Amino acid sequence: MWEYTEKVMDHFRNPRNVGVIDDADGVGEVGSMACGDALTLYIKVDQQGRIKDAKFQTFGCASAIASSSALTELIKGKTIEEALKITNQDIADYLGGLPEQKMHCSVMGREALLAAIANYKGQSRESLASPLVCECFGVTQEEIERAIRENGLTTREQVTHYTKAGGGCGSCHERIEEILARLKKEVPVVALPAQRRLTNLQKMRLVEETIERQIRPELQKDGGDIELVDVEGNRVMVSLRGVCTGCPSSNITIKGIEQKLKEMVSQDLVVEEVRQ
Amino acid sequence: MKVVYMDNNATTRVDPLVVQEMLPFFTETYGNPSSMHLVGARAQKAVAQAREKVAQLLNAHPDEIVFTSCGTESDNAAIRGVLEASPEKRHLVTTRVEHPAVWNQIPYLRQKGYRVTELRVDREGRLDLEHLKASLTDDTALVSIMFANNETGVIFPLEEVAQIVKARGIVFHTDAVQAVGKIPVDLSKLPVDLLSMSGHKIHAPKGIGVLYIRRGTKVAPFMIGGHQEKGRRGGTENVPYIVGLGKAAEISQQELSKESMRLQGLRDKLEHGILERIPRVLVNGKGAERLPNTLSCCFEYVEGESLLLLLSDLGICASSGSACTSGSLEPSHVLRAMGIPYTAAHGSVRFSLGRFNTEEEVDFVLENLPGIVERLRQISPFWERRAEVSKG
Ligand code: FES
């Protein structure tokens, strides 16, 4: 049995904004019945480029219906530019989180939004031009890359949870691994647009990743080590191990860590050392 | 809220008579059957009686009954025990619709260098017997074919299957977890060598199963330990659960013919009622022989998990072969093997009835299900389009 939040169950049982807008300015259709979920999003945009109304129809599980409902609530009243900034994580956060295996429902919402906006602007969806990676679920390279970048994904299982790609016959696994390996090299996965507002969960994950990938290896070179104790708001509490403990220059180390975390995660972070 | 439990192929409520029978074996007769004293002797006697009752249910000899911890253990012990006992043979035949306890062993065995043939089924879930005949070779160590399917309830013609296999002198195992207690299983007539059953599908508790091993069958032990179960399965006997299983077997045997007719009546009422009230429903395995208690159907244009959760809001418990409920992204391998289109398979729901279901409960489901399906179809983008197509 899945653990759905109350909010997910509420939006599943009483979905907001169900239906069709007959004279919609933009329509986005994603998914298919064969894939197990599908969403059609309708948007009505006013003269100022603001989304006046949004409606949806969804075929899918509880979290797919809830994600669609959340998406329409999130975009109503926003300008197209603002709406474009909404990520799948925002949809999941709005619902108080989704089980990881169900994150693809939030990604489906995000993809439908991009499709509807492209349709409104009279463009064809870029992602459609991108090469198909997973044939079982019709997932393109661009969709996979976006999910990896925006969610800081590192494993193939995660890519499947977020995009469904790789969840069928498995013949695309290698290509997904290739994309993961390439993105890891090209852009650090954790590099997000600087002004992004992070949720606590994201922040935690990014802090963890930055420590794992970039800070710990450095310290270990000098025979030291670091452990993440807690993240509270913008306070990151760490404890230093090995050679670093009690080291007179550990203050410097802490400053260095803070610098790195500021750069990679958020300018507002402060790092504190917890002595054990 | 009243619970209407229609998921008896998943597990069943333990019969209160079974619980009653078990209780003294926790508190008074708690002995180890191997012990040389009166408390041990009483436990040993109780185990022997339970073994007798299970043997009667299957029409087998008590010394052919080995108690295990569950159906999955029985399946593993059977398959791996037979393969180990004849290491020179490297081929296994099974089907595409087996329970995961068998099905998920296939990749493992392939990795170990075995060849595995997975037999086809048709659209109704019926086995292709020609395919079976053609697949048997001198290298075939074992054929493992289920008795009745857990998802669709489709019953395989086991007598015919067993004869084909035994004519070639090959060891034959059947996973009969869903069949035992629902249809007659008579091992004096059925030439199977090994059979798995499970306690919690017949109103005994979870954590107890049986592997039937016909006299003379070569099987390497799966659990090595003490001399229990004649060295075929080490580990101190789970006395209270074995006693419970004995009682459950006894009740099953007494009630089988009456109960299966009653369940079939309820199932048919449910099935016809659904087909009458709800358009675009497919019954899986409709053309095949099926267990009397099982109804598996696909509601087109809706997704199974959503349906289950809305049913659950009303206290109705069923299950689904849709992708979402299992955490996988594809619908159940059984429905896929049958060639049910994905578009329908995602909306599959299984109702499996049991001893404690009543006609009022069937009526309750029939009253509420159409509204729920309709509600989800109204949300679905495809339902509307379908309507438009049929209008135009
Ligand atoms: S092509 Fe991606 S899982 Fe089959």
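Mentor: B:L23 has a relative accessibility of 48%, so it counts as partly exposed. This is a predicted model, and the values that follow are computed from it. B:L23 sits in the loop that joins α1 (16–22) to α2 (24–27) of chain B. Together with B:V19 and B:F26, B:L23 makes up a nonpolar patch on the surface, and the three have about 260 Å² of accessible area together. As a general point, nonpolar side chains in soluble globular proteins tend to be buried together.

B:S319 is in the loop between β11 (316–317) and α11 (323–326) of chain B. Its relative accessible area is 15%, under the 20% limit, so B:S319 is buried. Leaving out residues up to four places away in sequence, B:S319 touches B:D7, B:L308, B:S348, B:V349 and B:R350.

For B:I274, the contacts beyond four places in sequence are B:V281, B:L295, B:F299, B:F351, B:L366 and B:L369.

Charged pairs come next. Over all chains there are 45 salt bridges. One of them joins B:K269 to B:E359, with 2.9 Å from N to O. B:K269 belongs to helix α9 (residues 239–277) of chain B and B:E359 to helix α14 (residues 359–379) of chain B, so this pair ties together parts 90 residues apart in sequence. B:K269 has a relative accessible area of 30% and is therefore partly exposed; B:E359, at 41% relative accessibility, is also partly exposed. A network of salt bridges links B:R267, B:D268, B:E271, B:K286 and B:R290. B:R120 pairs with B:D128 in a salt bridge whose closest N and O atoms are 3.3 Å apart. Here B:R120 is partly exposed at 39% relative accessibility, and B:D128 is partly exposed at 24%.

A buried pair is found in chain A. A:E150 and A:R110 form a salt bridge, their closest N and O atoms being 2.4 Å apart. A:E150 is in helix α7 (residues 141–151) of chain A and A:R110 in helix α5 of chain A, so the pair links distant parts of the chain, 40 residues apart. Both A:E150 and A:R110 are buried.

Helix α5 (residues 103–120) of chain A has 18 residues, which at 1.5 Å a residue should span 26 Å; the end C-alpha atoms are 26 Å apart, so the two agree. Of the 18 residues of α5(A), 16 are buried, so the helix is largely enclosed by the rest of the structure. Just after α5(A), A:G122 has a positive phi of about 75°. Helix α2 (residues 62–75) of chain A, with 14 residues, reaches 20 Å from its first C-alpha to its last, close to the expected 20 Å. In α2(A), 13 of the 14 residues are buried, and A:G77, which follows α2(A), has a positive phi near 90°.

For context, chain A has 11 helices and eight strands, and 53% of its 276 residues count as buried.

Definitions and conventions. Residues numbered from 1 in each chain as written. Chains lettered and ligands numbered in written order. Predicted model: local features only at pLDDT ≥ 70, side-chain atom pairs only at ≥ 80, totals over all residues. Heavy atoms only, no water. Helix = DSSP H or I, 4+ residues; strand = E, 2+ residues; numbered from the N terminus. Expected span 1.5 Å × (residues − 1). Buried < 20%, exposed > 50% of the residue type's maximum accessible area, 1.4 Å probe, protein only. Contact = heavy atoms within 4.5 Å. Patch = residues over 30% accessible without salt bridge, like charges linked within 9 Å, V, L, I, M, F, W, Y side chains within 5 Å. Areas by Shrake-Rupley, 256 points an atom, 1.4 Å probe, with all protein chains shown as cover. Salt bridge = Lys/Arg side-chain N within 4 Å of Asp/Glu carboxyl O.
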